[in-house]
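Please look over the sequence and the model that follow, turning the model slowly before reading on. The report then takes up the parts of the structure one after another.

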Amino acid sequence: MSNNLKASNFLHGELEHLDVEPVNSKENRALYEARKKIHPKRVKGTFRKFKWLVMLITLGIYYLTPWLRWNRGEFAPDQAVLVDLANRRFYFFFIEVWPQEFFYIAGLLIMAGIGLFLVTSTVGRAWCGYTCPQTVWVDLYLVVERFFEGDRNQRIKLDDAPLSLSKIAKRGMKHTVWLFIGLATGGAWIFYFADAPTLFFEVITGQAHYVAYATLGILTATTYIFGGLMREQVCTYMCPWPRIQGAMLDEHSLIVTYNDWRGEGRSRHRKKMLSQGETVGDCVDCNACVAVCPMGIDIRDGEQLECITCALCIDACNNVMDKLGLERGLISYSTLNDYNQNMMLSGSAIIEKEGDKVWDKSKINPKNIRSQAGRLVDNIKHTRFSSFMRPRTFIYGFVYLAIGFSMLTILVLRDRLDVRAQNDRNPLFVKLSNGAIRNGYELKISNMKTEPRRFHVAIEDLGMASVKLAGETSNRGRSFFVNVNANEAKTFNFFITKHRDLIFDEKRDFTLVVSEVGGKEHAFEKAQFHAPKESVLEK
Amino acid sequence: MSEKEIDEVTGVATTGHEWDGIKELDNPMPRWWLYTFYATIIFGIGYLIYYPAVPLTENATPGLSGQTNRGDLKIELAKVKEGKAAIEEKIATLDFFDIRKDENLMRYSVAGGQSLYKVFCTQCHGTGAQGAPGFPNLNDDDWIWGGDIESIYTTIKHGVRNDEDDETRFSEMPNFGSGILGNADIEAVTHYVASLSNSDHEVKLAQNGQEIFIENCAACHGDDGLGGRDLGAPNLADSLWLYGGSLPEISSQIAQPKHGVMPAWGERLGEAKIKQLSLYIHGLGGGERDLED
């Protein structure tokens with residue numbers, strides 16, 4: 001344990017060599033073993049900056065969205081994004097989705113799937129490294145940890161230190177803030193399901209529904225446990241994503257790569273060796289890449305399941321390269337294709353080792369990739385955006401956009417009026433005292449607009465017939481008016497009566513035309529008029 | 001096997017069990033598993049004490065809480081009843097016109113009336129209220145005792161030919177077959193009655209029957225056979241027949257009339273439920289006279 005936790009740093013020039021063991025690398029990881037704690041070191045650089053930005057945006061979206069308002073008039077809630085489970089409505093800015101329109105959600109999930117293919121096949125596990133909630137919250141929790149307990153070395157020391165008042169204070173504050181973040185996370189989640197300001201007031205005054213508190217409690221606990229305590233184990237052992245994404249990567253996808261072809265052979269005494277005329281690679285074995293890794297791996301072992309491609313090792317290594325005056329990119333985003341070509345260039349060859357085909361790294365000769373002047377040779381392959389330009393990318397992109405556009409088209413053109421009519425079946429028809437035949441119907445009108453509307457219901461293609469609503473005592477020609485409240489599906493029962501001399505079929509199809517009064521929308525619904533056999537045969 | 005055998009590869013003791021040369025290692029349970037297991041034991045003890053748990057011959061140990069599913073149901077039903085009480089009170093006191101003006105109350109009444117109908121009325125009138133020979137169809141517009149809401153209400157409340165209710169609907173057609181009319185006269189009247197609704201009949205016989213009808217039947221059914229609701233005399237000139245419209249059926253009803261009986265529901269169901277039922281029946285399509293009139 002103490003071997004990899006204790007830091008005995010030594011200086012080599014101005015460069016710090018870190019005594020750190022990649023606890024999750026293949027040879028260090030036994031089955032049946034307690035987890036070894038990882039203490040990721042702080043790093044500065046381009047990718048770290050980008051990750052801060054992504055964190056700011058994603059957390060901002062998550063925490064603030066429920067508080068956005070969107071005016072829908074007096075008959076609908078004014079929360080921009082609201083999953084109204086009680087009333088079975090989903091509001092998203094100008095979009096309102098009813099339960100029967102759930103296929104939009106299915107469409108979005110399909111788009112998310114295709115989007116994942118697209119992203120993974122081009123930029124690799126970018127989802128894992130930048131936007132996955134687990135990554136973002138672990139990052140946030142690390143900020144807190146670093147604030148109270150200091151960076152890597154101080155944290156290791158604190159872990160080893162005996163229990164003291166200051167240790168208890170530091171730990172206590174850290175866990176308090178973690179729990180508070182968890183609480184805020186769970187809190188933000190429940191606000192998506194109810195009016196945020198109202199619910200917030202209810203929650204803090206103890207009046208909210210117990211489901212709200214239960215959800216809050218569960219999400220606080222999961223956030224705290226996943227983000228604070230379990231961290232990389234969630235990605236490695238619990239999450240199916242890495243496996244799925246691993247299957248979608250190909251030789252053109254970006255992966256965080258340690259470029260052996262310029263790094264090997266490693267030497268901690270590069271300057272000395274060089275001055276002695278030895279040939280050494282660029283890697284000075286400073287372990288900076290290992291120390292910053294939140295997953296506890298050594299990227300120099302090659303592509304690994306654990307790697308979430310957060311690119312922090314790239315930043316760490318670039319900083320070292322800058323100090324050494326060497327080109328950046330010893331660790332870089334690269335495709336397997338480019339890597340293989342460069343390996344070839346370096347003089348390495350593929351050999352068989354324990355049944356696997358691997359590059360023989362002992363054959364790498366730094367002279368092959370560096371000119372006499374010490375610059376990298378020109379025919380080294382650098383990964384360019386052009387490597388994204390392949391059929392796979394375009395097919396995914398096309399499918400993604402096609403689904404998106406068709407959904408948007410359907411969404412824009414969709415009806416906000418839905419009509420269903422059903423014949424009464426018991427009795428199917430009623431004979432009246434004058435011999436006329438009457439049929440009963442159940443008419444369901446869904447007014448999916450957020451304002452009350454009045455509809456005109458007319459019967460077409462049934463010839464002479466008269467109609468009345470249930471509860472009415474006299475017929476009223478061939479049409480009637482009904483009012484439906486905003487956002488309501490309302491059911492009406494009505495009757496159609498036909499004179500005995502006008503019945504020619506046992507079953508006659510006709511059309512109900514429901515049209516909006518003072519508006520353009522209308523809907524057609526097929527229905528049948530049934531009559532007894534003897535009424536028909538009378539003619 | 002007093003000494004524990006230690007497995008060479010793992011350094012873990014074996015349990016001493018062996019199957020076909022394969023030995024079982026005595027690894028301890030994972031800690032989290034063990035603690036969860038202990039927690040369930042503690043929970044189980046608590047459960048045993050708090051809830052009814054141990055089955056005895058007639059019941060189970062009651063537990064500290066005294067909770068039972070039956071008791072829970074009782075409480076829930078009482079709550080529902082309490083919630084309904086206010087609404088039903090309102091229905092009982094308001095008149096039909098006011099109930100209908102209140103859209104929610106009207107919906108509640110019709111829905112409640114429908115479920116009451118399913119429980120109390122379907123046995124005779126059928127699930128779709130379409131009736132059967134001898135049991136009136138409630139969907140159509142042929143009413144013996146009146147089809148406006150008040151009449152329907154009265155019929156349901158007091159029943160028809162009910163011995164136990166003084167205000168019951170009552171009418172009785174004489175037994176023309178036992179001495180009042182001869183067989184030939186009955187046949188003639190039968191054909192005349194059939195002619196009123198233009199059913200199959202012999203014109204000559206019908207002509208003979210007209211006079212007999214006016215003498216014996218018109219007092220209740222009217223000269224033109226349109227019936228009279230005050231007397232509960234059916235309309236004989238329409239195309240609907242309670243006991244069938246064929247000649248033998250008409251003849252049998254003249255000679256030996258059947259008289260249907262309906263229970264008086266007033267005391268059994270109470271004011272509110274009778275009103276709900278009335279509104280439901282009235283809305284089946286045959287209801288007469290607007291409530292606003």
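## Chain B and its two domains

The centres of domain 1 of chain B and domain 2 of chain B, taken over C-alpha atoms, are separated by 33 Å. The domain assignment gives domain 1 of chain B as residues 72-167 + 262-282 and domain 2 of chain B as residues 183-255, where the bounds come from an automatic or database domain assignment. Nine residues of domain 1 of chain B are in contact with nine residues of domain 2 of chain B, two residues being in contact if their C-beta atoms, placed from the backbone, lie within 7 Å. On the side of domain 1 of chain B that touches domain 2 of chain B, five residues are nonpolar, two are polar and two are charged. In this grouping Ala, Val, Leu, Ile, Met, Phe, Trp, Tyr, Cys and Pro count as nonpolar, Asp, Glu, Lys and Arg as charged, and the others, Gly among them, as polar.

Chain B has 12 helices and two strands, and along the sequence these follow the pattern β-β-α-α-α-α-α-α-α-α-α-α-α-α. Helices (H or I, at least four residues) and strands (E, at least two) are DSSP runs, numbered from the N terminus.

## How the model is to be read

This is a predicted model, in which local features need pLDDT of at least 70 and side-chain atom pairs count only at pLDDT 80 or more, while totals for chains, interfaces and linings use all residues. Residues are numbered from 1 along each chain as its sequence is written, and chains are lettered from A and ligands numbered from 1 in the order in which they are written.

## The overall form of the chains

The C-alpha atoms of chain B fill a box of roughly 120 × 50 × 35 Å, taken along the principal axes. Its radius of gyration is 36 Å, whereas a compact globule of 293 residues would have one near 19 Å; the radius is taken over C-alpha atoms, and the globule rule is 2.2 Å times the number of residues to the power 0.38. Of the 293 residues in chain B, 28% are buried, which is said of a residue if 20 or more other C-beta atoms, placed from the backbone, lie within 10 Å of its own.

Chain A has 18 helices and 18 strands, and its C-alpha atoms fill a box of roughly 120 × 60 × 45 Å along the principal axes. Buried residues make up 30% of the 539 residues in chain A, and, among its contacts with a separation of 6 or more, 68% are between residues 24 or more positions apart.

## The domains of chain A

In chain A the domain assignment gives domain 1 (37-240), domain 2 (250-383) and domain 3 (417-537). The centres of domain 1 and domain 2 of chain A, taken over C-alpha atoms, lie 35 Å apart, and 25 residues of domain 1 of chain A are in contact with 21 residues of domain 2 of chain A. On the domain 1 side of this contact, α2, α3 (103-123), α4 (126-131), α5 and α10 (232-238) of chain A each supply at least two residues.

Which residues touch the most other members of the largest nonpolar core? They are A:C289 and A:C313, in a core of 42 residues, a nonpolar core being a set of buried Ala, Val, Leu, Ile, Met, Phe, Trp, Tyr and Cys residues joined through C-beta atoms within 7 Å. The largest share of this core, six residues, comes from α15(A), and the core draws at least three residues from each of domain 1 and domain 2 of chain A.

Helix α15 of chain A (residues 312-324) has 13 residues and reaches 19 Å from its first C-alpha to its last, close to the 18 Å expected at 1.5 Å a residue, the expected span being 1.5 Å times one less than its number of residues. Among the buried residues of α15(A) are A:L312, A:C313 and A:V320, and what covers the buried residues of this helix includes β2 (15-17), α2 (46-64) and β7 (331-335) of chain A. Just after α15(A), A:G325 takes a positive phi of about 75°.

## Where the chains meet

Between the chains, 17 residues of chain B are in contact with 14 residues of chain A. The side of chain B that touches chain A has one nonpolar, nine polar and seven charged residues.

Definitions and conventions: A residue is buried if 20 or more other C-beta atoms lie within 10 Å of its own, exposed if 12 or fewer, and partly exposed in between; C-beta atoms are placed from the backbone.
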